[in-house]
Structures are given as C-alpha cells and as structure tokens.
Amino acid sequence: MNVTVYPAARLSGAIELPASKPHMQRALVFALLSEGQMNIHHPSWSSETERLFEAAQRLGLQVVANDKQILTLIGTAGQFERCDDPLGTDGSGFMFRTMAALACTQETPIELLGRLSIKQRPILQYLGFVKDFGGSIEDRSDDQFVRLRITGGPDFGGTTVVDTSQTSQFLTALLLIGPMSNQGLTLKTASQRMVGEGYIDLTTEMMAERGCPVVKTEDGFRVGGGGYSVVDAEIPSDFTALSYMMAAAVVVPGTDISVPNYRPSKMTSERDFFEAFSRLGAKSKFDSATRDLRIWHGDPSAETVVINGMNIPTVTPALCAAACFADADVTLHGAGHVNLHKCQRLMVMVQQLKSMGCKIEPHFTNQGTMDGFIARGKSKPGGGVALRSYGDHRVLGSLFAAGLGAANSIDIDGAQNMPAGYPAFYDEIRKIGASFDLAPSPSELSKAS
C-alpha cells in the first residue's frame, strides 16, 4: 500500500497516542515469569506487542481480562508449557532476542521463527550466551526463514559477555531472565559504549520494582535469582510515536497541537527526546494537573545545533526529517547503531530526504562509518517524488512528516507497516489537518489483476 502526502499549511487540534511499546514488552515478560495475577494498566497494542503477547500465551500465560484500560494476566512462575510449533517473531529484533533468552531458562526446546532480515541485524552472531549458560542451539534455517531451536541447560546461569556497542536489547533480555536462575547471572559488557542506555535504565528500574535489584559492577551487571514479585504495571505514553508529531511541528509553521492524558515516563531517553526536538524548534509544555501536553512550532535554540543520538535511537529518523526544515544547521552524531535496526535507518532517511529535495548529508566518524547526519536547515524541498520506506514503520512515519513541508505531494510505499508502532497514526494525524490518500501499490494492483 502507498500513501500520498500533501503539503500542509498548518496543523492544529488534539491527538491520541498509543501507550509505550518498550514498557509493554517488558511488562508482558514480567507477567509471563511471575507467579500470580498481574494487571497491566493502559496496555499498548501494536503488531509487535500483539505477536509477543501471542507467544507468551503459547508458553502458558493466562488471560483473565482484556479491555482497553486493563489487561489482567496469570503468569507461569517461569515454568513454561511445552510448545512444539515455532514461535513466530516476524522481523522484531526485540522479540527474537528476548525469546532466545527466555528459551535458555527451559530444558524443553523452544523453536524461534523469524524473517531473513534477522540475519542482517546484530542478532545471530551474539547468541553465545546460550552455550555460556549451559544450553544448546540447533540451526534449522532455510532460504525463507531463520529457524533456531534453543534448549536450556538443567541449571542455567553463570557468566557471559554482552556487546552493547550496537544494541542494548540483548543486555535487556538477559537482565530480564536473571531472576529465574538459581545461580544468578553475571553479565560483562564488552564495550565502554552502551547505546540506548535509557532503555537499560528502564529495564533495571522495572525489575527493582518487582523485587529484583540489578547490581552494577565495574565491568557489567550482576543479577541474583529468586524470581519476580507480582507488581502491576502502568504503561506510559509512547514518546517514539509522538516523534512524528514533533517532527511535523518543526516542518509546518503555525502548528499547535495537544495530547490529552499524556503519561510521561521516567526514562532518560524521553527527557533527551524532548530536549532534542526543542532545540530544533518543536516546543512543548506538560501540565501535570490536567495531564495535557501542548506542542507548537517555535524557533530553534541556536543557528547551529549539535545533537548526540546515542540515547535516542528510536526517534532518530524523525529527527532527520525535522532537521531539514529547522531554521538552523543541524548535526546529529553518535547514532550509527540506528543503521542496524529493521533497515539502515540513518542511511535510508538521508537518501530519501535528499530525493525529495532536502539539504542533508551523512555524517561520518574518523573511522569512516556513518554515525549521523548534517542537515542544512530551511529546506524547501520540491517533493513530487516516490519514496521508499523499506518496510520500516519509523522511516515511513518520519518521511510522512517531511512530506507535509514539501512544495508538492510525495508518495511513500509500505503504508501498511505503520501498525507496528502506531496503529492509529493515520486517523490521528488526519484529525490535526494532515491531508493524504492511501491506495494499493502498483505491485498490489498487478497481483489483484
């Protein structure tokens, strides 16, 4: 499916955001591993969290109640039901990494099924922890899917080395299973560089709330056994979903929108997100009494803006789009790991934005690797082009925001992928005045005929 985005004169009104996907993913893992009944308030549903929820149920998670405001679950205390059929992870790196870690806790084999794109991401080469913890891996992959059969040892635990230079998700996954080990886990980080550190902080804070403190050591982390206490989870709003609206506020002068019932998190990544967009000109104010978040178009903080993207990987594509329209020259660095997500997000965003007429170039390290971008602001792109999202919902949402500032409409492919991060995106952005059309792609029309 393609989406045609038309230029916008002004955006105004109120939107509704989904709840946070990272919080929801972790809450589902806690529910699965805990013993007893747990409530998740304001659950977040996207195609990725739904797939994780389905897998958890196949492993024994029981559903007591499920409505828009509360999800009530009964966990397994870490004793999973036998699952003979593969657990599908699609292209979710978080789910594949987390399920691989969870499989280490079971002596009964668990088979994971993922898209071939998993091979292009920093995943398969970092599964050494399975053997370090006493387990085994059988590779059953074919030319269509990645298939791994993982069996845990009789008393999993011990020491392993985790590379955090490209992703923090393996560290998160291993922290989450630590309390299920009788001997505990010692996780040594192989690099001084830790991308997405705010997401590790989120994991350790949620674990501590459930009686499982994580000890920071000189060279990594130590997690003791003992299992999780049952503690309800309150899911905050998803600031990554908000990033498309923040980008639109930079792109379209006069924009003034509100987000009722915004629930902020304590994540340092959320703090850094608001600061980065404010420096580009997307101003915001949160009223803690009414829970109303206001976002409006303003001036950048300086004529030259430099942003470190290390702790805000999920919103970097939207920052790319916004930077091209800010009244400033913008350099973002420290985000090379963003090229290791569903697609090479940084590279793709720079290429696609240049195609529509934006003044943006890649930023390289001294070693010659791309780790950001340099945008000469005040772009007035002509548009009138067809762009590719490469099946990535974050690229799609970010290019959509950029299209609102082009002189002519743009077409973007892969419009059907937006539910992976923001299921109601099209409905919500239409509420504030964005104009667009959704239509089958030429390949879809060809297949239909």
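Okay, a definition to get going: two rings of Phe, Tyr or Trp count as a pair if their centres lie within 6.5 Å. Keep that in mind, and remember that what's on screen is a predicted model.

With that cut-off, how many aromatic pairs does the structure hold? The count is 17. Ring pairs join Phe239, Tyr262, Phe273, Phe274, Phe277 and Phe286 into a cluster. As a quick reminder, a ring pair is described by the distance of the centres and the angle of the planes.

Start with Phe239 and Phe273, which make a tilted pair, with 5.3 Å between centres and 35° between planes. Phe239 sits in helix α7, residues 239-251, and Phe273 in helix α8, residues 268-280, so this pair links distant parts of the chain, 34 residues apart. Buried or exposed, these two? Both Phe239 and Phe273 are buried.

Now over to Tyr262 and Phe286. Their ring centres are 6.0 Å apart and the planes stand at 70°, which makes the pair edge-to-face. Where are they? Tyr262 is in the loop between β15 and α8, while Phe286 belongs to strand β16, residues 282-287, so the pair ties together parts 24 residues apart in sequence.

Next, helices. Which residues of α3 meet α5? On the α3 side we have Gly93, Phe94, Arg97, Thr98, Ala101 and Leu102. Facing them in α5 are Gln169, Phe170, Thr172, Ala173, Leu174 and Ile177. By type, the residues of this contact split into 7 nonpolar, 4 polar and 1 charged. For the geometry, α3 covers residues 93-103 and α5 covers 169-177; they pack at about 35°, with the axes 9 Å apart. The crossing of α3 past α5 is right-handed.

Tyr390, in the loop between β22 and α11, has a positive phi of about 55° without being a glycine. Tyr390 is partly exposed, at 35% relative accessibility. Another case is His42, whose phi is near 60°; you'll find His42 in the loop between β3 and α2. Why bring these up? Most residues other than glycine have a negative phi.

Last stop, Lys119, in the loop between β7 and α4. It has a relative accessible area of 43%, so Lys119 is partly exposed. What does Lys119 touch, leaving aside neighbours within four places in sequence? Lys119 is in contact with Leu124, Asp142 and Val146. And if you're wondering about Glu270, that residue is 151 residues from Lys119 in sequence and 30 Å away in space, C-alpha to C-alpha.

That's my tour. Happy to go back to any of it.

Note on methods:
Residues are numbered from 1 along each chain as its sequence is written. This is a predicted model: local features need pLDDT of at least 70, side-chain atom pairs count only at pLDDT 80 or more; totals for chains, interfaces and linings use all residues. Side-chain values use heavy atoms; hydrogens and water are left out. Axes are lines fitted to C-alpha atoms, for helices over the stretch in contact, and angles run from 0 to 180 degrees between N-to-C directions. Helices (H or I, at least four residues) and strands (E, at least two) are DSSP runs, numbered from the N terminus. A crossing is left-handed if the near helix is turned anticlockwise from the far one by less than a right angle, and right-handed if clockwise. Contact means heavy atoms within 4.5 Å. Ala, Val, Leu, Ile, Met, Phe, Trp, Tyr, Cys and Pro count as nonpolar, Asp, Glu, Lys and Arg as charged, and the others, Gly among them, as polar. Buried means under 20% relative accessible area, exposed over 50%, partly exposed in between (1.4 Å probe, protein chains only). Rings of Phe, Tyr and Trp (its six-membered ring) pair if their centres lie within 6.5 Å; planes under 30 degrees apart count as stacked, over 60 as edge-to-face and the rest as tilted.
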